[in-house]
Amino acid sequence: MRLVIMILVIKGRLCRDYFYQKKLMKKTILLTTCIISALFVGCGGNENKSTAESSQASETGGGPPSYDPKRGEGKYSPETLTLKDQLDAPLAESGEKIAGVKCFSCHKVTDEKLVGPGWKGVTKRRTPPWIMNFITNPDPMIDKDPQAQAMLELCLVRMPNQNLTDEDARHILEFMRKNDGIK
Ligand code: HEC
């Protein structure tokens, strides 16, 4: 009788151990699955986030808003500003008059600096859209444009906005072209 009871007890223990182990196994498996799936979800989440970020970045042009130092900032671009190879003499003459009123207090037509740089060679240093944008919209360009900032360091004066109309600006550009030898 004792023996039977002992056997039963041992069997019971063994069984309990067996079940316990099985339970433990189950738990471990469950836990690993959880961890693995959590990892996957975590990585997946990150992936989504980074694609969202990159698509957002490509919408805005990638990082900080791009600045084109050949074009400057303003409404003029190589597409909207077309120049003839030849000079438009009446336009240039009108431009010289406007510049006489609004620009020559600070600019010479030689390469000599007055308050601002001399205009000689300016149409070779800068593109036509850059000049048009700069003279109609100097403030943001003095803030952003590397060339304008370099000039500011030399001149120590910010060129004030002269409130030029589109025509004024175009006429002055034609005068600058004449000053640089275009005929
Ligand atoms: C109060 C002085 C002042 C007046 C007036 C002025 N400018 Fe300027 N300009 C400057 C200064 C100073 C710079 C150099 C950039 C800076 O420091 O802001 C400059 C730069 C420029 C440049 C760039 C030159 C280069 O070599 O790249 C152009 C083009 C220009 N001015 C055109 C004009 C025109 C056109 C007018 C008249 C409508 C005018 N400026 C009136 C002071 C002046």
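Trainee: What should I know about the numbering and the model before we start?
Mentor: Residues are numbered from 1 along each chain as its sequence is written. The model is predicted, and local features need pLDDT of at least 70, side-chain atom pairs count only at pLDDT 80 or more, while totals for chains, interfaces and linings use all residues.

Trainee: What pLDDT does the protein chain average?
Mentor: The average is 81, and 65% of the residues score at least 70; pLDDT is the predictor's confidence in each residue, from 0 to 100.

Trainee: Where does pLDDT stay under 50?
Mentor: It does so over residues 31–40, which have zero contacts beyond four places in sequence; a contact requires C-beta atoms, placed from the backbone, within 7 Å. Over residues 42–62 the pLDDT is also below 50, and that stretch has four contacts beyond near neighbours in sequence.

Trainee: And how many helices and strands are there?
Mentor: The protein chain has seven helices and zero strands. These are DSSP runs numbered from the N terminus, with helices (H or I) of at least four residues and strands (E) of at least two.

Trainee: Turning to the ligand, which residues come nearest?
Mentor: Cys103, Cys106, Gly116, Leu152 and Met159 do, of the 27 residues around the ligand; a residue is near if its C-beta atom, placed from the backbone, lies within 6 Å of the molecule.

Trainee: Which helix gives the largest share of that shell?
Mentor: That is α6, with four residues. The shell divides into 19 nonpolar, four polar and four charged residues, where Ala, Val, Leu, Ile, Met, Phe, Trp, Tyr, Cys and Pro count as nonpolar, Asp, Glu, Lys and Arg as charged, and the others, Gly among them, as polar.

Trainee: How do α2 and α7 pack?
Mentor: Their axes are 7 Å apart at an angle of about 105 degrees. Axes are lines fitted to C-alpha atoms over the stretch in contact, and angles run from 0 to 180 degrees between N-to-C directions. The helices α2 and α7 are therefore roughly perpendicular, a term for angles of 65 to 115 degrees. The residues of this contact divide into six nonpolar, three polar and five charged.

Trainee: Is Asn179 buried or exposed?
Mentor: Asn179 counts as buried because it has 20 C-beta neighbours inside 10 Å; buried requires 20 or more other C-beta atoms within 10 Å, exposed 12 or fewer, with C-beta atoms placed from the backbone. Asn179 is found in α7 and touches Val109, Trp119 and Lys120, not counting residues up to four places away in sequence.

Note on methods. Two residues are in contact if their C-beta atoms, placed from the backbone, lie within 7 Å. Angles under 35 degrees count as roughly parallel, over 145 as roughly antiparallel, 65 to 115 as roughly perpendicular and the rest as oblique.
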